[in-house]
Amino acid sequence: MIGALFGVLAAFAWGGGDFVGGIISRRLPTFFVVAASQAVALLILIPVAALSGQPMPDSDTALTTALAGVTGGTGVLALYHGFAHGRISIVASIAGSLAALIPVAVAAAGGEALSPLRIVGFLFAIIAIVIVSTSADTSAAHAGEPGAHKDASSGAAPLGGALYGLLAGGCFAGFSLIFSGIEAPGTLWLLTGLRVASVSALVAVFLISRLIGKQPPGAEPIRAGAIPANLRGRLLLFGTLAAAGSGDTLGNLFFLLSAQESGVAVAAVFTSIAPVTTVLFAALILRERIGRRQAIGIGLAALATVAIALGGLS
């Protein structure tokens, strides 16, 4: 029972953190949002890990963790960029489906026999990606247009941001494949290592871009009024960035706890609803309109993700 609870908490932490990060990315440059939110999470993790008394990972584990961190960080950057310039419902659904589909495809390519339920989920995921990526609502009001929500998307991404969803999903799948192979104590140090790697990579990209006279990816102009003039507003902005970074970190932590209590397969079932929570937040808070065709695609994506997860239960 406790494993299921951790799994549900992981789903809402990931989904909520992604939604909050996507919203801030519509006000501030995506690159800054990802770097700042993950840096804040790192500042929280370091003292917690140091006080935990857990053993630090060896050099091989640290290297693998760093690779997973860079891969996952790239996925977050793509996801937030897609949210900022596309539709959250499209980007999240595609990213979630691919993140579930690719590891299963890799396992099948390695000779693992797929259950009938996983095969159905595999097919549903492919159909869902095609439907969702070709069903962008062109009638939705974008930032600056009459009737648009104050945190509306810029609408600059083609296909509602589907391409960013594909990139994010591929990176998240890569993160899962890399990180799931780590078997080492010191959970908090592993989470800290993920953040150290992702933040270091983002800083390196920023410095290299500046040295060669280029803008780093996701360095868009700041939306008017995005940075509050008063101290209370700026503290609220800082807290929001912290919530975005902490949501991702808490999601990782709850997933590991769920996997330790009930096994990875069971944890995957409950955490598979994370993209659905992001879509729900977008519909309820941002009032993103979902057409019938897009709703079918999103529903198929949710079914596909859950079917793939359930199909892994022995």
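Analyst: A residue is called buried when its relative accessible area is under 20%, exposed when it is over 50%, and partly exposed in between (1.4 Å probe, protein chains only). By that rule, buried residues account for 49% of the 314 residues in the chain. The model is predicted: local features need pLDDT of at least 70, side-chain atom pairs count only at pLDDT 80 or more, and totals for chains, interfaces and linings use all residues. Numbering runs from 1 along each chain as its sequence is written, and side-chain values use heavy atoms, with hydrogens and water left out.

The chain has eleven helices and zero strands; helices (H or I, at least four residues) and strands (E, at least two) are DSSP runs, numbered from the N terminus.

A nonpolar core is a set of buried Ala, Val, Leu, Ile, Met, Phe, Trp, Tyr and Cys residues joined through side-chain atoms within 4.5 Å. The largest one holds 34 residues, and L79, Y80 and I88 touch the most other members. At least two residues come from each of α1 (2–25), α2 (30–52), α3 (59–85), α4 (88–109), α5 (116–133), α6 (162–179), α8 (231–262) and α10 (274–285). α4 gives the largest share, seven residues.

Contact means heavy atoms within 4.5 Å. Beyond its neighbours within four places in sequence, L79 contacts D18, V91, A95, A168 and F172. A second, separate core has twelve residues, among them A68, F175, F179 and W189.

Across the chain, 87% of contacts between residues at least 6 apart in sequence join residues at least 24 apart.
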